[in-house]
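Here is the note you asked for on this model. Please read it with the coordinates open beside you.

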Amino acid sequence: MKLKHIMLMIAALLVTNGLVSQWNINRLVTNEHRVVHVQEVLTALEEVLTTVTEAETSERGFLITDDAQYLRLYESAVGRIQETLDRLTMLTEGEAGQLELIAALRERVASRVVELERAIAARRAGGFDAARQSVSTNQGRRLMSEMRNLVGQMQMRQHESLAAAAAES
């Protein structure tokens, strides 16, 4: 009889150990998915800033040289910015605070693209001096600063999410 109780206790401990192990594995897998998701968001955020900078660089290349090849690079960058913002929106679906910041980032990006287009139009219509006058307003610098600030806020939220996942693991 005593052996039977010992065997039942061992079996109960093994089942309990198996259940706890399964719970821990599920929690680790869930946290790993969170980490991967956060990394995707952080990558998309950096990509937005990098691609806006690429658009600015291409625009400046055109303004200085009047070489249309720079415009192809510019147009490619502008298209990728929108794709990246769309991907970022999809990645943060359900995160109201992040979606608000993305909406604000979209506004700044759109305003910056308008500024870039204005300078390109000025170069085409009035040459280098007209383009120089168009970019001398410092509006682009202000918009980029605001974009970096918004991206920084979003990155901070993602890092906080990573810290929470690490604390749970």
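1. Basis. The model is a predicted one, in which local features need pLDDT of at least 70 and side-chain atom pairs count only at pLDDT 80 or more, whereas totals for chains, interfaces and linings use all residues. Residues are numbered from 1 along each chain as its sequence is written, and side-chain values use heavy atoms, with hydrogens and water left out.

2. Helices α2 and α3. Helix α2 covers residues 69-91 and helix α3 residues 96-135, and their axes come within 11 Å and cross at roughly 170°; helices here are DSSP runs (H or I, at least four residues) numbered from the N terminus. Axes are lines fitted to C-alpha atoms, for helices over the stretch in contact, with angles running from 0 to 180 degrees between N-to-C directions. The two helices are therefore roughly antiparallel to each other, a term kept for angles over 145 degrees, while those under 35 degrees count as roughly parallel.

3. Helices α1 and α3. The axes of α1 and α3 come within 10 Å and cross at roughly 10°, which makes α1 roughly parallel to α3. The residues that meet include Val48, Val52, Ala55 and Glu56 in α1 and Leu105, Val109, Arg112 and Leu116 in α3. The contact of α1 with α3 has 14 nonpolar, one polar and six charged residues.

4. Leaving aside neighbours within four places in sequence, valine 109 is in contact with Val48, Val52, Ile81, Gln82, Leu85 and Met147.

5. Glutamine 155. This residue is found in helix α4 (residues 139-168) and is buried, with a relative accessible area of 19%; buried means under 20%, exposed over 50% and partly exposed in between, with a 1.4 Å probe and protein chains only. Its side chain is joined to that of glutamate 46 by a polar contact of 2.6 Å, that is, a pair of N or O atoms within 3.5 Å in which, within protein, one must be able to donate a hydrogen and the other to accept it, residues adjacent in sequence counting only if both atoms are side-chain atoms.

6. Loop residues. Aspartate 66 lies in the loop between α1 and α2, has a positive phi near 60° and is partly exposed at 43% relative accessible area. Asparagine 138, in the loop between α3 and α4, has a positive phi of about 65°. Most residues other than glycine have a negative phi. Aspartate 67 is found in the loop between α1 and α2, and a polar atom of its side chain lies 2.9 Å from the backbone nitrogen of glutamine 69.

Definitions and conventions: Parallel < 35°, antiparallel > 145°, perpendicular 65-115°, else oblique. Contact = heavy atoms within 4.5 Å. Nonpolar A, V, L, I, M, F, W, Y, C, P; charged D, E, K, R; others polar.
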